[in-house]
Amino acid sequence: MEKRLEGQKALVTGANSGIGAAIAERLAAEGADVVINYIANEDATNALVAKIKSKGGNAIGIKADVSNEDQVNAMFAQMFKSFGTIDILVNNAGIEIHNFLENMTKAEWDKVIGVNLTGNFLCSRAAVRQFLKNENRPKSRSRGKIVNISSVHQVIMWAGFSSYCATKAGINLFAQSVAQEYAEKKIRINSVAPGAIKTPINQNVWSDPKGMADLMTKMPYGRIGEVDDVAAAVAFLCSDEADYITGTTLYVDGGMCLYPEFRFGG
Ligand code: BGC
């Protein structure tokens with residue numbers, strides 16, 4: 001694999017499973033030293049670190065709750081101690097809690113906002129503070145890059161998941177505003193918006209034939225996404241091939257946003 005990120009230092013939040021794990025592996029395969037942030041399941045983190053190392057890459061695991069300011073700051077301090085700086089932040093940690101508004105508790109709302117949106121803010125702020133100190137980074141024309149893992153639900157409304165949709169839409173305009181603030185400092189901030197990707201978060205859908213059949217009606221491209229589909233898009237946005245791209249969203253969704261019902265008539 002081409003080493004587009006050789007010598008760079010990356011942090012991927014929520015990276016010991018699903019999309020985050022695939023991103024961590026991909027960035028390491030392209031030559032980056034990677035921090036695998038996690039909140040639970042230390043065994044899975046250690047296994048991923050070992051897998052990356054067995055392929056000649058470099059990774060460490062750091063436990064931190066991204067919604068907690070002190071833990072985020074401690075994680076970045078530990079990363080700088082081990083790796084010296086940061087070039088790439090992938091804000092991947094995310095949760096969804098199903099509930100309709102009339103029953104939604106404040107605790108459920110706070111949890112989703114805390115991880116998905118406040119976590120993005122806290123990690124982005126810590127990364128940007130360090131990016132501003134970066135000069136002449138290897139294989140990077142920019143001082144630093146952030147890629148947010150958003151969702152098609154930054155534009156597609158989703159009954160029962162209004163808190164999740166609020167965070168994904170929020171991430172979009174937060175990221176674009178910050179991209180505007182820091183473009184002149186040569187910091188790039190983009191999002192990748194996956195559709196239905198086969199991960200533990202939506203296992204109830206893809207493990208059920210009826211769920212899969214329903215999903216395919218929403219999926220013009222005719223297959224569920226794989227984590228590597230997302231990881232490839234993230235690696236591209238982190239690389240110098242995307243040096244002129246900032247403040248945008250790359251949808252990786254098999255056409256889910258294309259109003260697929262209209263295939264059958266308007
Ligand atoms: C959600 C998945 C869902 C997909 C498509 C993602 O953001 O995390 O649970 O399958 O959107 O609706």
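Guide: Contact, as used here, means heavy atoms within 4.5 Å. The model discussed is a predicted one.

Visitor: Which residues does Gln154 touch, not counting residues up to four places away in sequence?

Guide: Gln154 sits in the loop between strand 5 (144–149) and helix 5 (162–182). Setting aside residues up to four places away in sequence, the residues touched by Gln154 are Lys168, Ala169, Asn172, Thr249 and Tyr251.

Visitor: Is Gln154 buried or exposed?

Guide: The side chain of Gln154 makes a polar contact with the side chain of Thr249 at 3.1 Å. The relative accessibility of Gln154 is 9%. The cut-off for burial is under 20%, so Gln154 counts as buried.

Visitor: What is the order of the strands in the open sheet?

Guide: The sheet has 7 strands with parallel pairing. Strand 3 (58–63) and strand 7 (249–252) each have a single partner strand, so one side of each is left without a neighbour in the sheet. With these two at the edges, the order reads 3-2-1-4-5-6-7.

Visitor: What does the twist average from one strand to the next?

Guide: The sheet is open, and its strands pair in parallel. From one strand to the next, the twist averages 20 degrees.

Visitor: Which residue is the bridge partner of Ala10 in strand 4?

Guide: Strand 1 (residues 9–12) pairs with strand 4 (residues 88–91) in the parallel sense, over 3 bridges. In strand 4, Ala10 has as its bridge partner Ile88.

Visitor: In strand 2, which residue is the bridge partner of Leu11?

Guide: Strand 1 also pairs with strand 2 in the parallel sense, over 4 bridges. In strand 2, the residue bridged to Leu11 is Val35.

Visitor: At about what angle does helix 1 run to strand 1?

Guide: Helix 1 (residues 18–29) lies across strand 1, strand 2 (33–38), strand 4, strand 5 and strand 6 (187–194). Its direction relative to strand 1 is about 170 degrees.

Visitor: What angle does the direction of helix 2 make with that of strand 3?

Guide: Helix 2 (residues 42–54) packs on the sheet and touches strand 2 and strand 3. Its direction and that of strand 3 make an angle of about 165 degrees.

Visitor: How do the residues of the contact of helix 3 with helix 4 divide into nonpolar, polar and charged, and how many are there of each?

Guide: The axes of helix 3 (residues 69–83) and helix 4 (residues 106–131) come within 10 Å and cross at roughly 35 degrees, in a right-handed crossing. Glu69, Val72, Asn73, Met75, Phe76 and Phe80 of helix 3 meet Leu122, Cys123, Arg125, Ala126, Ala127 and Gln130 of helix 4. The residues of this contact divide into 8 nonpolar, 2 polar and 2 charged.

Visitor: With the side chain of which residue does the side chain of Arg4 make a polar contact?

Guide: Arg4 lies in the segment before strand 1 and, at 15% relative accessibility, counts as buried. Beyond four places in sequence, Arg4 is in contact with Arg26, Glu30, Lys139, Ala235, Phe236, Ser239 and Glu241. The polar contact of its side chain, at 2.8 Å, is with the side chain of Glu30.

Visitor: What distance separates the C-alpha atoms of Lys218 and Gly18?

Guide: Lys218 is placed in the loop between helix 7 (209–217) and helix 8 (227–238). Its side chain makes a polar contact with that of Asp214 at 2.7 Å. Lys218 and Gly18 are 200 residues apart along the chain, and their C-alpha atoms are separated by 22 Å.

Visitor: Near what value is phi of Asn136?

Guide: Asn136 is in the loop between helix 4 and strand 5, and at 78% relative accessibility it counts as exposed. Its phi is positive in a residue other than glycine, near 45 degrees.

Terms used:
Residues numbered from 1 in each chain as written. Predicted model: local features only at pLDDT ≥ 70, side-chain atom pairs only at ≥ 80, totals over all residues. Heavy atoms only, no water. Axes fitted to C-alpha atoms, helices over the stretch in contact; angles between N-to-C directions. Left-handed = near helix turned anticlockwise from the far one by under 90°. Nonpolar A, V, L, I, M, F, W, Y, C, P; charged D, E, K, R; others polar. Buried < 20%, exposed > 50% of the residue type's maximum accessible area, 1.4 Å probe, protein only. Polar contact = N/O pair within 3.5 Å; in protein donor to acceptor, adjacent residues only side chain to side chain. Pairing = 2+ DSSP bridges.
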